[in-house]
Amino acid sequence: MSQPIVTTGEAVDTAPATGTTSPPAPARQRDAFFDNAKYLAIVLVAAGHAWEPLRDGSRTVSALYMVVYAFHMPAFIVVSGYFSRGFDARPDRFRRLVTQLVVPYVVFETAYTLFTRWTDQEPDRPISLLDPLYLTWFLAALFVWRLTTPLWRWVRLPLPLALTLAALATLSPSIGDDLDLQRTLQFLPYFVLGLSLRPEHFRLVRRRAVRIAAVPVFGCAFAVAYWAVPRMTGAWFYHRDSAEELGAPAWYGVVMTPVLFVCSLLLVACFLSWVPGRRMWCTVLGAGTLYGYLLHGFVAQGAGFWGWYDPVWIHRPLGAVVVTVVAAAVVTLLCTPPVRRALRFAVEPDLRWLFRRETVEPARDRAAVRG
């Protein structure tokens, strides 16, 4: 859901704004831990999408699907919030919003619409930039979240306020689909939490005791999910519908919002505790998760149309394993440097020509430079 971490996106510079014209500081070395986390999370996203056609025939796959959906997008969003802490009203920040989020959103919203006209046999499906299709909702949501970052830095108790807004969103089925606002509001607390985190918080979850505790926690989560599969809808973890649209009384949403938030954060912490902190073969792929996120959807959408799920053996345990391995391999390939170089024009376009060059700087900043 890169960017979706994608941070879907990619990391935003968190250095404080100075407004000076001094030479840019050397690029800071990427943190292997976050790149590893982003890569592992995007693999889980791809696996979850690949499991969707297999859920009806397997309670085990459905339980795994529910567990993964409980934390993989929250993990993305928490890390996205963490790397958005430095967003302010500087012109260069807005330029990066346009080039990293707005333009890819327009490109891939159009591309997915055209592609699914063919795969879904709906030749008249309209191109609507206000109604995100499939994966593109995350780019729209991240755009909104980052624009509101200064607000969350100013208010007191930002996380309780964000949770209140998320809970209120579940009460209203009339919010509509414009920019997938329902999902944007319901996932908002994870982004706001990320804004509040510091490096020491991530060090806490990487302690050995947490890694050990994560094993029974995930075991219990799978057991609960296995029990819940025939008893509740996993759509609660999509955060895209109101409580009434999920067939529950409106007040359920107010209760489920903090409950799901706590459960998801527990699993996010357990997931992060297992993420290696050293450089590995997959670390370099963490810089390309936005590509993996946006591109793997074409394979996931086309798989059914191409008949990949038609063989009977695909719906058996061995088939589920094969589907998982293939999904991981495909998204890994899509995160590689050659793919990034080939498709940078669409995912990370160079639009410097579109913007005016900054020529004015505050007097106090000029004085600071001279002093």
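Which element gives the most to the lining of the largest cavity? Let's look at this predicted model and find out.

## The largest cavity

The answer is α10, with four residues in the lining of the largest cavity. The space inside this cavity comes to about 70 Å³. Two elements, α7 and α10 (251-273), each give two or more residues to its lining.

Among the residues that line the largest cavity are Leu163, Gln186, Tyr190, Trp236, His239, Met256 and Phe261. If you sort the whole lining by type, you get seven nonpolar residues, four polar ones and no charged ones.

A pair of aromatic rings is described by the distance of the centres and the angle of the planes. The model has 32 aromatic pairs in the count. One of them joins Phe187 and Tyr190: the centres are 6.0 Å apart, the planes make an angle of 50 degrees, and the pair is tilted.

Both residues sit in helix α7 (residues 181-196), and because they are three residues apart there, about one helical turn separates them. Phe187 counts as buried because its relative accessibility is 2%. Tyr190 counts as buried too, with 1% relative accessibility.

Arg55 lies over the face of Tyr65, 4.1 Å from the ring centre, and Arg95 lies over the face of Phe355, at 6.0 Å from the ring centre.

Definitions and conventions:
Residues are numbered from 1 along each chain as its sequence is written. This is a predicted model: local features need pLDDT of at least 70, side-chain atom pairs count only at pLDDT 80 or more; totals for chains, interfaces and linings use all residues. Side-chain values use heavy atoms; hydrogens and water are left out. Rings of Phe, Tyr and Trp (its six-membered ring) pair if their centres lie within 6.5 Å; planes under 30 degrees apart count as stacked, over 60 as edge-to-face and the rest as tilted. Buried means under 20% relative accessible area, exposed over 50%, partly exposed in between (1.4 Å probe, protein chains only). A charge sits over a ring if NZ of Lys or CZ of Arg is within 6 Å of the ring centre and within 35 degrees of the ring normal. On a 1 Å grid over the protein atoms alone, a cavity is a set of points where a 1.4 Å probe fits but cannot get out, and a pocket is an open set with protein on both sides within 12 Å along at least five of seven lines; lining residues have an atom within 4 Å of a point. Grid points are joined across faces, edges and corners, and a volume is the space filled by probe spheres set on the points. Ala, Val, Leu, Ile, Met, Phe, Trp, Tyr, Cys and Pro count as nonpolar, Asp, Glu, Lys and Arg as charged, and the others, Gly among them, as polar.
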